[in-house]
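What follows is a short report for a reader who is meeting this structure for the first time. Please keep the sequence and the model in view while reading.

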Amino acid sequence: MKDLLISITKGLVDDPSAVSVDVDEPNEEGVTVYHLHVAEDDMGRVIGKQGRIAKAIRVVMRAAATRNDAKISVEID
């Protein structure tokens, strides 16, 4: 899952070396939180107009997690 998020994000940004993901342990509801970190200049590219790209990333990640019977959340830091 982490690799999927990194590969999606690296295709969007100008500085792929600055992309990193931190993963939290599942909380009491079983949701694993993925914290996406990108360069300051690439933040707009990852979020998109009105958050459309960020929403699309979250949808793809949630769909992939569902195939693995997992619950995830993606936060862009």
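The chain holds 3 helices and 3 strands, where helices (H or I, at least four residues) and strands (E, at least two) are DSSP runs numbered from the N terminus. Read along the sequence, these elements follow the pattern α-β-β-α-α-β. The radius of gyration of the chain is 12 Å, close to the 11 Å that the globule rule gives for 77 residues, so the chain is as compact as a globular protein of that length; the radius is taken over C-alpha atoms, and the rule is 2.2 Å times the number of residues to the power 0.38.

This is a predicted model, in which local features need pLDDT of at least 70 and side-chain atom pairs count only at pLDDT 80 or more, while totals for chains, interfaces and linings use all residues. Residues are numbered from 1 along each chain as its sequence is written, and side-chain values use heavy atoms, with hydrogens and water left out.

**The chain as a whole**

Along its principal axes the C-alpha trace spans about 35 × 20 × 20 Å. The accessible surface comes to about 5000 Å², of which 48% belongs to carbon and sulfur atoms; such areas come from the Shrake-Rupley method with a 1.4 Å probe, and for residues only the protein chains shown count as cover. Of the 77 residues, 31% count as buried, a word that stands for under 20% relative accessible area, whereas exposed stands for over 50% and partly exposed for the range in between (1.4 Å probe, protein chains only). Among the contacts with a separation of 6 or more, 53% come from residues 24 or more positions apart, a contact being heavy atoms within 4.5 Å.

**Charges and the salt bridge**

The side chains of R45 and D14 form the pair, at 3.2 Å from N to O. This pair links distant parts of the chain, since R45 belongs to helix α2 (residues 43-47) and D14 to the loop between α1 (2-10) and β1 (20-23), 31 residues apart. R45 is partly exposed, with a relative accessible area of 41%, and D14 is exposed at 58%.

T32 has its place in strand β2 (residues 31-37) and is buried, with a relative accessible area of 13%. Not counting residues up to four places away in sequence, T32 touches V23, D24, P26, K71, I72 and S73. D22 lies in strand β1 and counts as partly exposed at 41% relative accessibility; leaving aside its neighbours within four places in sequence, D22 is in contact with V33, Y34, H35 and H37.

| Pair | Residues apart along the chain | C-alpha separation |
|---|---|---|
| M61 and L5 | 56 residues | 7.1 Å |
| R52 and L12 | 40 residues | 13 Å |
| D22 and E40 | 18 residues | 17 Å |

**Positive phi in two loops**

Q50, although it is not a glycine, has a positive phi of about 55°; Q50 lies in the loop between α2 and α3 and counts as exposed at 76% relative accessibility. D69, likewise a residue other than glycine, has a positive phi near 55°. The place of D69 is in the loop between α3 and β3 (71-76), and D69 is exposed, with a relative accessible area of 76%.

Terms used
Salt bridge = Lys/Arg side-chain N within 4 Å of Asp/Glu carboxyl O.
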